[in-house]
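Hi,

Here is the structure I said I would send over.

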Amino acid sequence: MNFDILIPLLAATVLSGTPVLYATLGEIITEKSGVLNLGVEGVMMVGAFSAFFVAAATGSPWLAFVAAGVVGMLAVSLHGVVCLWFQGNQVVSGLALTLLGSGLANYLGTPYVGTKAPGFSAVALPGLSRIPALGEIFFNHDPLVYLSYLLPPILWFFFHRTGIGLGLRAVGENPAAARAAGLNVQRLRWIGILVGGFFMGLGGACLSLAYTHLWTSSLSGGRGWIAVALVIFAFWRPGRAVFGAWLFGGVMALQLRLQASGAQVSSSLLLMLPYALTVIVLVFSSAWRKSDAAPAALGVNVEPGE
Amino acid sequence: MKLKRLIITLAALVLAIPAVSFAAKEVKVGFIYISPVGDAGYSYAHNEGRKALEQMEGVTTSFVEAVPEGPDSERVALNMARKGYDVIFGTSFGYMDPMLKVAKKFPKVVFLHCSGYKTAQNMGNYFGRIYQSRYLTGVVAGSMTTSNILGYVAAMPIPEVIRGINAFTLGAQSVNPKVQVRVVWTNTWYDPATEKEAAKSLLDVGADVLAQHQDSPGPQEAAEEAGVYSVGYNTNMQSFAPKAHLTSAVWNWAPYYTKAVKEVQDGTWKPESVWLGMETGVVDISPYGDMVPQAVRENVDNLKQQIMDGGLKIFTGPIFDQQGKERVAAGQVATDDQLLNMNWFVKGVTGTLK
């Protein structure tokens, strides 16, 4: 593979990894607070649809982007009600959210299938995009990609340097101790769920506003599930999530380019690659780090008055 | 008592009026679609044909969209048959067996299945020779390329898609022997994100005209953004890529649908398998984009006329496959059977079939 192919490949890697990155970061925030949310796929779908809908109605991609986040928060608040108020099973509630979200987005979106809405296009960053190779790979994308570069450091700061972030991690590790220390466990878990849902909604918005400018049913195509898997790959760290998302995006972009360049490999096998790789990576990363990277109280409900 | 009798008489009269005035001619036609009609693609094209039926006297139509293949389609067909529909069109391959099952239960209802091969006393099937349109779009693409690399975003490795790619390639080679067609499979029928990405991967290897088989305008969008040309499918995709779109291979079901329903109305309908060519108007190409030069237009229009007259058969030998093996001997024309089971690429296509 020569250089002319490699650079567009890496640029495509970043682009196709971005929606997954937003969703993965959202799930990391949620899980850090001790709540497992398997509804990412559904939340991405409602996010993608609301972004498309608002963009078509108002013509403003930025408004649509924020709206997707807000709708994502609304969607996950269902999960919050079930898990935090009624102590429901987090796995079941998450799966239900996936079904509900995907179904709702497909149902509401049916009249819009195949229609176009305004969205983001690539904007070369002045100066930075001139850097040989790197400029083309990293700085010639749509604004949502640039925004995603800023998120991991911001989240790192949030988790390690702010009171809310530290509290959020505490209730994910040991809710009883956090409560004894005077933290409001319920409120912090609500924050984790809602902020997480906001990011998942944004991930969906990337698909309908930047990746394509079209609406279709099942737009997310399983990317929400990939995000759930990448959280484990990332050991719940925002920085590593970037590599996970790009790895997935890279293999996705690579398999199409291998076909285009005339490689004599079965296309069915190539199309399976990104998903197969996710499974393999998951197995290895679990074996290396065992469970100590996961928040200790992940998936454990806490009684409100406990 | 008198009043009651009067009411009964009146009611009987009211009920009798429509039965008398429309008697033999009224036909209720139902359509089952695989995807929403708004998709600007395959189901949209069928739905345009349905709208043409609405203009016919005594014909009422309705449709159910986004019906998955398998048990769901059987339920929808059964429901239509029970509700007294006279003709039921199912437009996806996987509706074939479910429709056959329902057809056996309702011998008075006419079932017409698109793209399949099974028939019954009251079930026929139909499809169009869209490969003829593909050939013409290939001629346009082969005339417009400067890199001599054409990109083809392909759906699923089945004979219908393969036939389309081969016809497109033969068309391009007829005006440009140096041309090669690069194929990327997405294994999707409608996934704009993946299909657009596949289109971009073809641009990266130097393709300057993109063709596609899927319903989504994703590849058109990619061509428009990159400033290269594109060829659409199903319906005129010009609105998605005004600067890139050369032409599209399009379906126009109205002539067939009106003919079939007319036959049912007249009582002359017979179960048969039809594969409709360009002369029926069912398959065509959409109007050229402004960038297509006059000479190319004249050449393609001329070829189109030859196809309609029967003078030009697309798969006329000698045709060689990718390995150089002769598949259709010189002077021979591939049979419909060969076309329907096509599982090899012609020479000049770069891609795998596995």
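Predicted model: local features only at pLDDT ≥ 70, side-chain atom pairs only at ≥ 80, totals over all residues.

**The interface**

Let's start where the two chains meet. On the chain A side, 30 residues are in contact with 31 residues of chain B. The area buried between chain A and chain B comes to about 2,600 Å², and carbon and sulfur atoms give 57% of that area.

As for polar interactions, 10 residue pairs are in polar contact between chain A and chain B, counting pairs with both residues at pLDDT 80 or more. The rule also finds 3 salt bridges across this interface. One of them links Asp204(B) to Arg257(A), with the closest N and O atoms 2.7 Å apart.

Which helices of chain A each supply at least two residues of the side that touches chain B? They are helix H1 (3-32), helix H11 (238-260) and helix H12 (267-289). The largest share comes from H11(A), with 6 residues. Sorted by class, the side of chain A that touches chain B has 15 nonpolar, 12 polar and 3 charged residues.

**The parallel sheet in chain B**

Moving on to chain B, there is an open sheet of 6 strands with parallel pairing, in the order E2-E1-E3-E4-E5-E11. Its edge strands are strand E2 (59-64) and strand E11 (273-276), each of which pairs on one side only. From one strand to the next, the twist averages 20 degrees.

Gly128(B) has Leu276(B) in E11(B) as its bridge partner.

There is a helix to look at here too. Helix H4 (residues 96-105) of chain B lies across strand E3 (87-90), strand E4 (110-114) and E5 of chain B, and H4(B) runs at about 170 degrees to E4(B).

**The mixed sheet in chain B**

Chain B also has an open sheet of 7 strands, ordered E12-E10-E9-E8-E6-E7-E15, and here the pairing is mixed. The edges are strand E12 (283-285) and strand E15 (349-350) of chain B, each pairing on one side only.

The bridge partner of Val181(B) in E15(B) is Val349(B).

Helix H6 (residues 159-175) of chain B lies across strand E6 (149-154), E7, strand E8 (209-212), strand E9 (229-234) and E15 of chain B. H6(B) runs at about 165 degrees to E6(B).

**Salt bridges overall**

Over all chains, the rule gives 16 salt bridges. Among them is one between the side chains of Lys51(B) and Glu48(B), at 3.1 Å from N to O. Lys51(B) and Glu48(B) are about one helical turn from each other, because they are 3 residues apart in helix H2 (residues 42-54) of chain B.

**Backbone details**

- The peptide bond from Gly317(B) to Pro318(B) is cis, with omega near 5 degrees. Pro318(B) is in the loop between helix H10 (294-309) and strand E13 (319-320) of chain B.
- Gln87(A) is not a glycine, yet it has a positive phi of about 60 degrees. Gln87(A) is in the loop between helix H3 (61-85) and helix H4 (90-109) of chain A.
- Ser115(B), also not a glycine, has a positive phi of about 80 degrees. Ser115(B) lies in the loop between E4 and E5 of chain B, two of the strands in the parallel sheet.

Cheers

How values were computed
Residues numbered from 1 in each chain as written. Chains lettered and ligands numbered in written order. Heavy atoms only, no water. Contact = heavy atoms within 4.5 Å. Buried area = accessible area lost by both parts, 1.4 Å probe. Salt bridge = Lys/Arg side-chain N within 4 Å of Asp/Glu carboxyl O. Polar contact = N/O pair within 3.5 Å; in protein donor to acceptor, adjacent residues only side chain to side chain. Helix = DSSP H or I, 4+ residues; strand = E, 2+ residues; numbered from the N terminus. Nonpolar A, V, L, I, M, F, W, Y, C, P; charged D, E, K, R; others polar. Pairing = 2+ DSSP bridges. Axes fitted to C-alpha atoms, helices over the stretch in contact; angles between N-to-C directions.
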